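Take a walk through this model with the sequence at hand.

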Amino acid sequence: MPFATLRQVLEAAREGRYGVGAFNVNNMESLQGIMAAAARCNSPVIIQASRGALKYTNLNYLRHLMLAAVELNPNIPVVLHLDHGDKIETVREAIALGFTSVMIDASHFPFEENVRITKEVCDYAHPRGVSVEAELGTLGGIEEDVSGHVQLTNPDQAVEFINRTGVDALAVAIGTSHGAYKFKSAPVLATDLVRTISDRTHKPLVMHGSSSVPADIKKMINDYGGRMPEAVGVPMESIVASIANGVCKINVDTDSRMAMTAAIRKVFHDDPTKFDPRDYLGPAREAITDMVESKMRAFGCAGHA
Ligand code: G3H
Ligand code: 13P
Ligand code: NA
Ligand code: ZN
């Protein structure tokens, strides 16, 4: 069975000093696109579903899509991960569905409450063989942060948090932010902080908001009738530097959305008579494969299946 836990895949990544991509899915084509990339470059892969994805796909459709991905790729370690779980009930639901890993994100609560909720999730998940990711800090661009909203992860708190909860991986706030409109110019990430937290906790660290928002894909979207405002994402050099310092899981959603959208817009632009969904979802699926493959090679997880 190629089902893997987050713990297995990330401990190997930490040991081997590479990063593993965690890609969000909402539909069959994105899942197929990601799995084709993993197969092509012989890489472990983390497939993750947000609460929005669970709702959109209806639990059973998602469950069977994920089972198909695992069944058809017997040589690829696949982690099925709940992204940004909000409470223990959601975690229970995901585990019942067959997820091998869950994130509990209680990072918006005060520290003690985050510890309490995260520990409750670990106590539930670990005896069932399921890994847990939690988060400490508040994401956001360091230079964009005029209102003082961003809270980088505190290393002392990270050590205490891990000791008291027993989490398998910790998402850290180091200056990244979610979505397509991250930064006005190339961000400065707190890569030294990653090194400090990694050296002190000896745990795999997770980077959320790691899409690069590629300028060429955005141009393609806008050239073919889209209207995405100017903004930049996280440059690959910054991700590679963070991996060298202890980041082992890299979360990507926005770049897949953009790759898919650009491909679909191009089909409709080039031939407005098209109406068979396979004619645009097929190219969208290929665009995801290309994007994911290039990330797997850059993160260093290619060849580590
Ligand atoms: O971090 C959030 C992910 O990009 C998932 O987004 O909640 O819209 O599915 P979503
Ligand atoms: P992006 O919006 O940068 O793709 O981040 C995705 C993410 O962190 C999912 O948890
Ligand atoms: Na947070
Ligand atoms: Zn996230």
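Helices (H or I, at least four residues) and strands (E, at least two) are DSSP runs, numbered from the N terminus. With that in hand, find Arg17, in the loop between helix H1 (6-16) and strand S1 (20-24). The model is predicted: local features need pLDDT of at least 70, side-chain atom pairs count only at pLDDT 80 or more, and totals for chains, interfaces and linings use all residues. Residues are numbered from 1 along each chain as its sequence is written, chains are lettered from A and ligands numbered from 1 in the order in which they are written, and side-chain values use heavy atoms, with hydrogens and water left out.

Stay with Arg17. Its phi is positive, about 55 degrees, although Arg17 is not a glycine. Most residues other than glycine have a negative phi. Arg17 is also exposed, with a relative accessible area of 60%. Here buried means under 20% relative accessible area, exposed over 50%, and partly exposed in between (1.4 Å probe, protein chains only). His202 also has a positive phi, near 55 degrees, and is not a glycine. His202 lies in the loop between H8 and S7. With a relative accessible area of 52%, His202 is exposed.

Now turn to the metals. Which residues coordinate the zinc ion (ligand 4)? They are His84 through NE2, His178 through NE2 and His208 through ND1, at 2.1 Å. Donors are N, O and S atoms within 2.8 Å of the metal (3.2 Å for Na, K and Ca); water is not among the atoms, so sites may look incomplete. Along the chain, the zinc donors are spaced H-x93-H-x29-H. His178 and His208 link distant parts of the chain, 30 residues apart. His178 is in the loop between strand S6 (169-172) and helix H8 (191-201). His208 is in the loop between strand S7 (205-207) and helix H9 (215-223). Is each of this pair buried or exposed? His178 is partly exposed, at a relative accessible area of 45%. His208 is buried, at 1%.

The sodium ion (ligand 3) has its own donors. Ser107 (OG), Glu135 (OE) and Gly137 (O) coordinate the sodium ion at 2.2 to 2.5 Å. Their spacing along the chain is S-x27-E-x1-G. Glu135 counts as buried at 4% relative accessibility. Gly137 counts as buried too, at 17%.

Next comes ligand 1. Around ligand 1 are Asn24, Ser50, Asp83, His84, His178, Asp253 and Arg257. A residue is near a molecule if one of its heavy atoms lies within 4 Å of it. Two of the zinc donors, His84 and His178, are in this list. A polar side-chain atom of His84 lies 3.4 Å from an oxygen atom of ligand 1. For His178, the distance from a polar side-chain atom to an oxygen atom of ligand 1 is 3.3 Å. An N or O atom in the side chain of Asp253 is 2.7 Å from an oxygen atom of ligand 1. On its own, ligand 1 has 300 Å² of accessible area, and the protein covers 64% of it. Such areas come from the Shrake-Rupley method with a 1.4 Å probe; for residues, only the protein chains shown count as cover.

Ligand 2 has 15 residues around it. Asp83, Lys182, Ser211, Asp253 and Thr254 come nearest. A side-chain N or O atom of His208 is 3.1 Å from an oxygen atom of ligand 2. Gly209 brings a polar backbone atom to 2.8 Å from an oxygen atom of ligand 2. The protein covers 96% of the 310 Å² of accessible area that ligand 2 has on its own. Strand S3 (78-85) and strand S8 (247-252) are the elements that give two or more residues to the shell around ligand 2.

One last stop is helix H12 (residues 277-299), where Glu293 is found. Glu293 counts as buried, at 14% relative accessibility. The side chain of Glu293 makes a polar contact with the side chain of Arg40, at 2.5 Å. A polar contact is a pair of N or O atoms within 3.5 Å; within protein, one must be able to donate a hydrogen and the other to accept it, and residues adjacent in sequence count only if both atoms are side-chain atoms.
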